[in-house]
Structures are given as C-alpha cells and as structure tokens.
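Reader: I'd like to walk through this model with you, one question at a time. Could you set out the terms as we go?

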Amino acid sequence: MALLVHVRNRLEAQGIKSEFVGASEQVQGIVHLYEGDVHLPPPKRRKPESALAQIGRATVNVLIEAQLVFAFFGQMLISAIATVRAPRSANWREVLPTMERTGADAVPIVILINFLIGFVMAFQGAVQLKQFGANIFVADLVGLSVTRELGPLMTAIIVCGRSGAAFAAELGSMKVSEEIDALRTMGFGAMPYLVLPRALALILVMPLLTLLADLVGLLGGLVVGLTTLDLSVAGYITETRKALTVWDVYSGVIKSGVFALAIALIACQQGLATTGGAEGVGRRTTASVVTILFSLILLDAGFTILFHAFNL
Amino acid sequence: MTEGILIRVTGLSIGWDDVVLQKNASFDVARGDIFAILGGSGCGKSTLLRYLVGLEDPTEGTIEVTGIGRPHLDGGRPRFGVMFQSGALIGSLTVGENVGLPLQEWTDLAPEAARAIVRAKLRLVGLPGVMEKMPSELSGGMKKRAAIARAMALEPNLIFLDEPSAGLDPVSAVELDELILTLNKSLGLTVVLVTHELPSIFKIVSRCIMLDRDSQSIIARGDPRALRNESTDPRVRPFFHRTPHETKEG
Ligand SMILES: Nc1ncnc2c1ncn2[C@@H]1O[C@H](COP(=O)(O)OP(=O)(O)OP(=O)(O)O)[C@@H](O)[C@H]1O
Ligand SMILES: [Mg+2]
C-alpha cells in the first residue's frame, strides 16, 4: 500500500492525475492510514551545487577542522597544567594499560614492518651502489634514512592505524552513548579523565617504539649486506657507526614524540566531536586516520626544513 | 519536607542547533518535591534535563540550583545524581566499578567500605549479584537500575531521572516507585524525573510541567491529579486519560 501511495505521489508530481477508486471499506481505511487520499503540494527541486562551490566549502571545512584541533590543543595544555598542580585529579591508572595496548602490543608489527623497510631500502640501494663498487655505502644509506626518516615515520603510521583509530572509535562510541556526558555529571572532565592519560601513554611509548624500529631497520640492512653484498658484520657495523651521529637518532626520537602528541590530539579531538550514532563513529574514525596521516607528513616536512635551517 | 526553591528556571530557551524546542520557559522546583517533566515523545524532555544538569549552556534564560550550584562542571564533587535515559554506564568498567566510580573519586573510603556501599546501593534497586558483570551483559531495564544506583552513590539531596521505569516490568516499576517515595519521605530527597507511566505519575509525583513541541511552551503545570480532573486543554486531557488526540481535519 505504501508503495502504491508513493507511486501515485510520483505520478502526481509529474503532472499525471491518478486516484484510488472503487476500494472496499476496509481497503479505504488502509488508504487513509497511509494518507493516500491527501494531495501533496508539488515538491521543490534543489539546484545541484557547482564544483567551485563544493571546493570552496571543502576548503573552509578543512580550515575549521584545523582551528578546532588547535583549540583542543589549547584546552589540553590548560588541563595538563591544572593536572601538574593537582596530580590527584588525573586518571593515572589508565596510563599503564594504555601504554601496554598502544606500545607492547604494537611491537611485533613494528618489528616486521621496519625490518622489511630496512631490507628493501638496502636492496634497492645495493643495485645502484654496486655499479660504482660502493657496496659498503649501503650501510650509510640505510643508517641515515632509517634513523632520521623512516623509523619514526613508519612507526607513527603504524601507531596511527592501531591506536589513533582505536582512540577515535573508543571516545566516539562513548560520546554517542552519553557516557562522556555521564562522566561529566559525576565531575570527571573528558580532558583529565580520558584524553591526558592517552596522550601521556603515547608520548611515553612512541620514542621507545621508534628506537626499536631503528634497530630492526638497521638489522634489515645488515641482512642484505651479508647475503648479497659480501660485507662482513663487523665492517657493516663500523661503517654504520661512522655514518651516524648521536643526533641522527635523537632527531628521530624527538620527531616521534611530536608525532605521538599529534596522533593522540587529533584522534581524541575527532572522537569527542562524534555525533550521530554508530555511523558517526565510523565517519569520525576514518576522518581521524586521514587527518593524522596528513599531519604526520606535514610535520615531517616541517622538521626536515627546520633541521636543515639549523644545519642539524 | 523543608520549604524553599531548589531549582529556579527563568526565561529558558532550549533546542539543538537551529531547532527550538522550548521558548521562554520558567518554572521552579521546590525542595522535597517529586517533580515530573511530561510531554509527548520527542518534545524535548531529555533535552531539558541536559540543560538542568548543566550539559548544555542556555543561550537565553537562566537556571539556578539554589545553594548547591553545579560544581561538577568545573571538575568538583557533584552535588546531585543524574540518570540518563539510556543508562549511560561506562562500557569498559564493571557494574560495580560504575556505581563505585563517584565514591572512589570523591570520598576517602577504604576500597572495602566502598564495595560494601556499592553492594547496598545495587540491592536497593533490586540488582543483587551483578557487581562483576559488564554493562553489556545486562538487560535494558537492569542497566537503568544500575544507573540509578550510580546516581545515588554519593547520597545526594537532588536526583535527576530520565524515564526510570520505562522498560521495567510492572513489579520492578512499582518497587522503584516505592523506593523513590521512601527516599523522598525519609531523607527529603528532591527528585526531578521524566516519565510516561500514568500510575506512577499519579502515585508519586507532587508537581509536574507538561511540554509541548508545537507551541514550544509549557502547556500545563501543577498537581497531576488535579490536572487529570480539571484540565480541559485538548492537548493535556488525552495525556492523562490515555485517549488519542483528535485528528486534525477529516
Ligand atoms: N543530539 C541531538 N542533536 C540534534 N537534535 C537532537 C539531539 N537529541 C535530540 N534531538 C532532537 O531534540 C528533540 C527532543 O529530543 P528529546 O530526547 O529531548 O525528546 P524526549 O522528549 O526526551 O523524547 P522521549 O520521550 O522519546 O525520550 C527530538 O526531536 C530530537 O530530534
Ligand atoms: Mg527522552
């Protein structure tokens, strides 16, 4: 019946007259129930938006989102200062379990990915360097690129996919099921109770994961050196130590701390901004991963320029 | 019953984004009242509660909670309990931890004592033996009762309940009414609740307001029993007599 009414309404919208006639008493009741005897006013057509307007609106939206993240960062700093003043008010109990979830549980995948990255880097480099008989410089290539760039960045990408998405989904579903509101009525602010422990855990754990990534990345290079370039273990290690300064490792670790902050910040901000049920949680989780990846690349470029400017 | 105004609402407008649900609403809740917010589904009762407990900031009008204020908004010890329509138990904590959460944060009770209080509160709402269960293992009605226990954990003088007895079987619902009535009589607990249960309204509610979405205003206020007998408003009468609205046009 609902379908019939719909068809009639569509016909009427196109200017074709149609009526239900000759229905029995009982059927008429149903027709009435679905408002089949009501004549609708003609629907208004909406004009589709032009491509230019869409691009403009998308740009404005990106700017608004960026502004929201910065505002969130400000709130987080205020909350962090308040927490330092009154350490009892924070939810320290959640830090360790979160470190385990985001750090310890990520170790296998960090090892696997970074080993392969080191391996592939060395392999590709070796093909080129062999032509010049410069086999040993594979150690320099792998050492520098892994510690300065790939170690921190790949680790951040893994953590973004694991923990960033998890934070956003977790906080998002808490938001839509009114749990965040309930906490607020009990005197627990979302910042000190949920966001700060997560941010702290990530900032503590990411540099460690990055050091691990550096190590297995170098190992990946070493394996290639041993198997296809006829280098010795001692030779490879000596060359790596010659090529690397302590700062190369430090700079990567510093970067990873900033990456950790960015991941926690954006994931929690997106999670807490969730509206609209399960579908909203999905949308925000996707948005947070995309935003984090974009910001990681942006931050990395920023660091490269910064370090270059100071000749580091 | 102690006299005096506990909550004073003046000229309040509520809504979501650009949807206005109520305009210029004013009412008082007296100390010791069991105060009901009534109205059709979707007219903004839960939304009004959100404003009353401070989760939304009024753009127009003021809400005063005399004497106690709303310190939880600045991370202070909450002075009243709130139960949400969905229960809103924290999914990652057990039921016991949920009820004990305010105790653990805002009192210096030893863990053993806190557990004993939690157990007592759960027994009060008719939920013995669910301490170690996760909220996802409870039924809808059980979640609600656990949420009531959580709202009462700190023994506040004021409590907000959003449809406490919806989804409960008749026996539990009556027991809940009795509980509210007892706490009100013996401790002077002030209760602000949203409910649709007519028997419960007539039995426990001392004063009520009825919201209407179309006119965005309060269309009735006072003692629900008097409203049932005396109101002639075509929007109010059907509610208290459980009859359908007159259908507009034929
Ligand atoms: N988070 C929200 N965002 C936007 N609009 C909302 C939101 N929550 C509720 N609304 C709208 O506000 C109106 C009132 O909702 P509310 O939950 O206050 O109704 P209610 O009176 O409690 O209804 P019920 O008796 O069914 O619980 C609804 O029409 C709904 O569309
Ligand atoms: Mg409601």
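This is a predicted model: local features need pLDDT of at least 70, side-chain atom pairs count only at pLDDT 80 or more; totals for chains, interfaces and linings use all residues.

Reader: Okay, then is Glu56(B) buried or exposed?

Author: Glu56(B) sits in the loop between α1 (45–53) and β4 (62–65) of chain B. The cut-off for buried is under 20%. Glu56(B) has a relative accessible area of 19%, so this residue counts as buried.

Reader: Which residue's side chain does the side chain of Glu56(B) join in a polar contact?

Author: Leaving out residues up to four places away in sequence, Glu56(B) touches Trp16(B), Arg50(B) and Tyr51(B). A polar contact of 2.8 Å ties the Glu56(B) side chain to that of Arg50(B).

Reader: Which helix gives the most to the side of chain A that touches chain B?

Author: Chain A and chain B also have 4 residue pairs in polar contact, both residues at pLDDT 80 or more. On the side of chain A that touches chain B, the top contributor has 6 residues there, and that is helix α7 (residues 179–185). By class, that side of chain A has 6 nonpolar, 5 polar and 6 charged residues. To end on the name you asked for: helix α7.

Reader: How much area do chain A and chain B bury between them?

Author: The contact draws on 17 residues from chain A and 26 residues from chain B. Arg184(A), Thr185(A) and Met186(A) supply 35% of what chain A buries against chain B, more than any other three residues. Of the area the two chains bury between them, 54% is on carbon and sulfur atoms, and the figure itself is about 1700 Å².

Reader: Let's turn to the metal. Which residues coordinate the magnesium ion (ligand 2)?

Author: The coordinating atoms are an OG and an OE1, at 1.9 to 2.2 Å, from Ser46(B) and Gln85(B) respectively. This pair links distant parts of the chain, 39 residues apart: Ser46(B) is in helix α1 of chain B, and Gln85(B) is in the loop between β5 (81–83) and α2 (95–106) of chain B.

Reader: Is Ser46(B) buried or partly exposed?

Author: Buried would need a value under 20%. Ser46(B) comes out at 24% relative accessibility, so Ser46(B) counts as partly exposed.

How values were computed: Residues are numbered from 1 along each chain as its sequence is written. Chains are lettered from A and ligands numbered from 1 in the order in which they are written. Side-chain values use heavy atoms; hydrogens and water are left out. Contact means heavy atoms within 4.5 Å. Buried area is the accessible area (1.4 Å probe) that two parts lose on being put together, summed over both. A polar contact is a pair of N or O atoms within 3.5 Å; within protein, one must be able to donate a hydrogen and the other to accept it, and residues adjacent in sequence count only if both atoms are side-chain atoms. Helices (H or I, at least four residues) and strands (E, at least two) are DSSP runs, numbered from the N terminus. Ala, Val, Leu, Ile, Met, Phe, Trp, Tyr, Cys and Pro count as nonpolar, Asp, Glu, Lys and Arg as charged, and the others, Gly among them, as polar. Buried means under 20% relative accessible area, exposed over 50%, partly exposed in between (1.4 Å probe, protein chains only). Donors are N, O and S atoms within 2.8 Å of the metal (3.2 Å for Na, K and Ca); water is not among the atoms, so sites may look incomplete.
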